[in-house]
Amino acid sequence: MMRFDSMFDPATYHETRKPLLRAQTLPSHCYTSPEFFRREVEAIFSSAWHFVGREDEIRETGAYTVIDVQAGSVIVCRDRSGGLQAFVNACRHRGTRLKDGQGRCNRLVCPYHAWTYGLDGSLSATPGFGEPENFNRSEFALQGVRLENWGGFLFVNFSAQAPPLLEWIGDMPAVFAAHHPEDLRCTWRKEYLVRANWKFLIENALEAYHTGTVHGETLGTQDSEFVETRGNWDALYVLGDPSKSIATLPGENQVFPFVRGLSGKASRGTWFTVVYPGTQIVFSQDCAWWLDMKPLSVDRTLVTLGGCFPASTVAMAGFEQQVTAFYERWSTATPEDNQIAEAQQRGHASGLGLPGRYSGTEHCVHALDNWVLDQVLD
Ligand code: FES
Ligand SMILES: [Fe+2]
């Protein structure tokens, strides 16, 4: 293992900093060292925009979803006025976790001593608590967390200093305006616990070099090109077929109407984006999906996958049957990707592996690795 005093020295990464076709991949310890991971948590995840899900998944009054990140746990819920709220998932009495997973409730009741909060976070009841001196309920509302929304994609942030979400993602909303993300509805979601570093998973999602091998029997080969972006995001464009999106398996004929008004490249292909650090939103001609990586430790990651379609498609007769072709593609390819990331993690088990090189098609992998270095080095 690398000596600690050179792990964050820019000179250590000289070879990864070179232009793509001369660069070496990140040293092995970036994926295996608890010290390196701790620095990522401090420098990246403590102030990151953490992906929550779609606004339309939390549509009804009292619907909530919980996400757990390194910085803490957050409840996002729909309040009585139709707005969205985000709170630290901890009681203001003695800090007990309030909720898990997803569900619907009229109020948030702590399982310990039943302190009760409204959907706006206000403390409404403290059964059996008596009247301690100077106790004022209004001072014990749930602690708010920043929640921001782009086109129905929700993100939370624990840091008051982080820039607004729309500043973070730069020109991404403009690039995908024609895909009308605000019209999407999430109809499907799945979680995987993967024994691999978060970077292996997101790197894999940003190159099509592996598709002919890892997905040789399923997706087959794909051609891709790099996209210029402005802001903390990148994208790989995968060339497709003007009559069918790549969101179903080859040989599957199911198609949904394309998003109205798509033209040029948007009508022929699919963008595999990354919102740094670890959220991929994929825009295809007839649907969108996400793949979100939440690191649990240096070698464990929670991967969440969600499938979205335009509201007009979801309303079509027969949607429920026809959409299974899309779910099948996502639930086939994702485990193949997860397994290869686990094999890669095992290949790096010693932390002493020598660096490799990037191909011309691994532009986004190189960009991601250098973005991480930009954040964590001294
Ligand atoms: S810790 Fe929540 S009511 Fe006591
Ligand atoms: Fe893949």
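The structure is a predicted model, in which local features require pLDDT of at least 70 and side-chain atom pairs count only at pLDDT 80 or more, while totals for chains, interfaces and linings use all residues. Residues are numbered from 1 along each chain as its sequence is written, and chains are lettered from A and ligands numbered from 1 in the order in which they are written.

The protein chain comprises 10 helices and 17 strands (DSSP runs numbered from the N terminus, helices being H or I of at least four residues and strands E of at least two). Its C-alpha trace spans about 70 × 60 × 35 Å along the principal axes. Of the 378 residues, 40% are buried (20 or more other C-beta atoms within 10 Å of the residue's own, C-beta atoms being placed from the backbone; exposed means 12 or fewer, and partly exposed lies in between).

An automatic or database domain assignment divides the protein chain into domain 1 (6-46 + 170-376) and domain 2 (50-157). The C-alpha centres of domain 1 and domain 2 lie 30 Å apart. The contact between them (C-beta atoms, placed from the backbone, within 7 Å) takes 16 residues from domain 1 and 12 residues from domain 2. On the side of domain 1 that touches domain 2, the elements giving two or more residues are β11 (184-194), β15 (279-283), β16 and β17 (300-310).

In helix α2 (residues 34-43), the buried residues are F36, F37 and E40. These residues lie on the same side of α2 because they cover an arc of only 100° around the axis, taken from the directions from the helix axis to the C-beta atoms. The buried residues of α2 pack against α1 (29-32), β16 (288-297) and α10 (363-376).

Definitions and conventions
Contact = placed C-beta atoms within 7 Å.
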